Amino acid sequence: MKAGRLAAGLALFVVGLAAAAPAQELSASFGAGGFFPSDGAYREIYGSSLSFAGDLWLKLKGPVGFAAGFGRISDKGVAAPSSSDGTEAFPLEFRRTSIPLIVFYQIEAGPVAIRLGAGAGIHSYRETWQTVDLDFRGHKTSPRIVLAVSAAVIKRVSFFCSGSFESIRTGESSLPDVSINLGGFQVLGGLAFRVF
Amino acid sequence: MRHSGSVLPVILVCGLVIAAGLPVASSETSGSAATTRSVARGRDGSLALIRIAKTPALRVQVLTRLQIDVRQELTTCLLAYADRNDIDLLRRNGVRFTVLDRDAARREFLVVGIAAPGALASLRAAGHAAAVEPSTAVFWTEEGSALEAVPAGLPRKAFPSRSVLPYVRMRPEPAPAPSVSVAQDPLVETIVSLVSSSNLAADVQMLQDFQTRYASTTNCEAAGEALFAAFSALGLDNVRFEQFTFSGSYTSRNVVAEKRGETYPGDVFIVCSHYDSTSPSRLTLAPGADDNASGTAAVLEAARVLAPYPLDYTVRFIAFSAEEWGLWGSRAYASLARLGGQPILGVINLDMIGYADAMPEDLQIIVNGNSTWLADLFLAAGAHYGVVGATKTVDQSFVYSDHSPFWDNGYPALLAIEDNPLTNPYYHRTTDTLDTLNIDFLTSATRASVGLLAELAQPIKAGYPRTPVGLYAELSVYRSLFNSLHTVRLHWTAQTDATSYNIYRTNTPHLGYVKINTMPVTGTSFSDTNAGSDPTFSYAVTAVGPAGLESNRSRDAQWVIYLDGLATAPASIRAPSNVPIFGFPVLRGIR
């Protein structure tokens, strides 16, 4: 899968940076949470979605660092009839795979680390009608901002939570003159492991 | 860039004209029609007759929005009345037109066929004539009746009394029709086999024996009485005269009879002809065996062979009068039918189907863009039942027979005629008599016509389930984020003698129905989720009985989508495939 290869490549890139740069800290975070779409049509069809993500956080000497990762949103919905006549149900499936690339600023307060980041997300998405032969695939890059907080639990393990916001204007829609925005607010919680 | 010396004065004159606020017509060149360029100068309220070119850029919606009074649609142009305001609006909207006459308010205009050598010259000798197409002219006179001034022998037609714009469809060339064939239907075969050569010959002789049937003569009225008696003797329903006035103070009568349909009595197919005749000695001798005792004999024979059989649809048999005067009978009939909102589903006009200049002779089937399906079915029926060759011609400009008023009123209609252009040397002569006809050809042409009529009207077969009724369709559009799906949900009324139903769909109006259900449908509704793949579609349902016998097809249900908000007549879906249907007002309807 293209996105997976890209994520692995980026992870290797970050690890390489860590090896080559005067890195201070490298950690990996894994989380699950919810995605709250900003587009009304998206909410109408899919509602809020479950999301999963994994990131590598490379903090350089000083408060600045880079992060790259892999995120996945998937959900099931039902095609919406355009009028009250529609009485049938056409199940849908939507998947979005994202590669976030972030520059962050880290503030530390004892065992708690707060990271403020901004960057871009590279997205690949696919919407499939389950019972009829309709399918749509697309790619988009969008701006992304993120706030992540981690609190150390034991030596290398921290609780981790993050919130991010993206605006992904696709320029496409089933309606004329409308652009679906696949972005929204995403909240994740999980664990972070400090590699060094 | 240097202007030539001859251009400058023209520019200056145009500048002065524009500065004076005078309307200027566009500079399209169109033969003699282009000789009149300015319009409606002088008194207010003056009216011009204009020719609007059917260019690819022309949009009917624009003409509709501007409320242009279009009185005749031809193959390459529209003929319309326009006042100064209309002229100005047309010019501002980039519509290409030429002015034919500036004083149209007090004129009677005729469309005249000028295919014959010297026709245009003879027209111009009789009055004013402007060639609007290679084979078509508009004719008028300064004083008196244009109808009486037009030279004998030239086909002519008066403008309809109302605008034909609601029925003008600026379609591109019709899409190629699917391969059409008619199924081997033993009952239709039986009906067709009843067509009798001797009956046809006898009916032609009967009409010829009136000496003349020129409308306005008592002989013509007597011929009408004979047709009335013949229809009545067959036990047809609602046999009647329909009287009309023509050319000022004359009156004549159409003779109408019908075989009432049992499933769809309100929906009508018409087979018609004109029974009047003409010749240079028209008041005393106009036998009109080919023109048009032949067509009228075919209508009588169709009535005779169909009368005993129950049909799904109503078939109306009409013998029009005063066709030779300018289609007066059919104009009156079609206009009233439209005003009364009559659902006429198709018209078969038989005019001159008995003369064969060569054997094997073939029939010419002439249709407009809205009636091509009818011609395709005729060709299939001709091959199957009539054993007669037929050639389809889409020619909006062939307006010189009784099918034309039906076109003017938005009804699908075909003309069946032996040759176009005509080759009968006895045409409109006192020598147009039975002995010049080829009865075998007349019989084949009649059989093809009856075969088509029976296919359309659907004889009800004993022991088969009844034809489903009450079919209607609901269009639903479902959308995801990036795709939309158009589904058509069909509903119909249950038939007590049916165990299941089959669903048929076509993307070409009335032709090429294909069964779309893979399993028998046992309920009375069905959803087609593939409807959005093509923008034009209609549906029909059949009932299947316990023994597996399948009924006739129901009347079709079509979807009506108003893309521009201006169309008023129900039609099939006409959404360009690159325009998403979703987002336009969608009206639920049945054709």
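Two strands count as paired if DSSP finds at least two bridges between them, and in this predicted model strand 9 of chain B and strand 10 of chain B pair in the antiparallel sense over eight bridges. Within this pair, B:Q243 stands opposite B:R253 in strand 10 of chain B. The hairpin formed by strand 9 and strand 10 of chain B has three residues between the strands, and B:S247 takes a positive phi near 45° there.

**The sheet of chain B**

Strands of a sheet pair through backbone hydrogen bonds, either parallel or antiparallel. Strand 11 (residues 264-274) and strand 12 (residues 313-320) of chain B run parallel and are joined by eight bridges, with B:V315 in strand 12 of chain B as the bridge partner of B:F269.

| Strand pair | Sense | Bridges |
|---|---|---|
| Strand 9 and strand 10 of chain B | antiparallel | eight bridges |
| Strand 11 and strand 12 of chain B | parallel | eight bridges |
| Strand 4 of chain A and strand 17 of chain B | antiparallel | two bridges |

Two packed helices are described by the angle between their axes and the distance between the axes. The axes of helix 11 (residues 372-386) and helix 13 (residues 439-457) of chain B come within 8 Å and cross at roughly 120°, which means that helix 11 of chain B is oblique to helix 13 of chain B. The crossing of helix 11 of chain B past helix 13 of chain B is right-handed. On the side of helix 11 of chain B, the residues that meet helix 13 of chain B include B:L377, B:F378 and B:A381, while those in helix 13 of chain B include B:S444, B:A445 and B:R447. The residues of this contact between helix 11 and helix 13 of chain B divide into seven nonpolar, five polar and two charged.

Chain B is divided into domain 1 (17-167), domain 2 (198-457) and domain 3 (472-587). Seven residues of domain 2 of chain B are in contact with seven residues of domain 3 of chain B. On the domain 2 side, strand 11 and helix 11 of chain B are the elements that give two or more residues, and helix 11 of chain B gives the most, with three residues. By class, this side of domain 2 of chain B has three nonpolar, one polar and three charged residues.

**Contact between the chains**

Between the chains, 24 residues of chain A are in contact with 17 residues of chain B. The elements of chain A that give two or more residues to its side of this contact are helix 2 (40-46), strand 4 (80-81) and strand 6 (112-129); the largest share, three residues, comes from helix 2 of chain A. The side of chain A that touches chain B divides into 15 nonpolar, five polar and four charged residues. In the pairing of strand 4 of chain A with strand 17 (residues 472-479) of chain B, A:P81 stands opposite B:Y478.

Methods:
Residues numbered from 1 in each chain as written. Chains lettered and ligands numbered in written order. Predicted model: local features only at pLDDT ≥ 70, side-chain atom pairs only at ≥ 80, totals over all residues. Contact = placed C-beta atoms within 7 Å. Helix = DSSP H or I, 4+ residues; strand = E, 2+ residues; numbered from the N terminus. Nonpolar A, V, L, I, M, F, W, Y, C, P; charged D, E, K, R; others polar. Axes fitted to C-alpha atoms, helices over the stretch in contact; angles between N-to-C directions. Parallel < 35°, antiparallel > 145°, perpendicular 65-115°, else oblique. Left-handed = near helix turned anticlockwise from the far one by under 90°. Domains from an automatic or database assignment.
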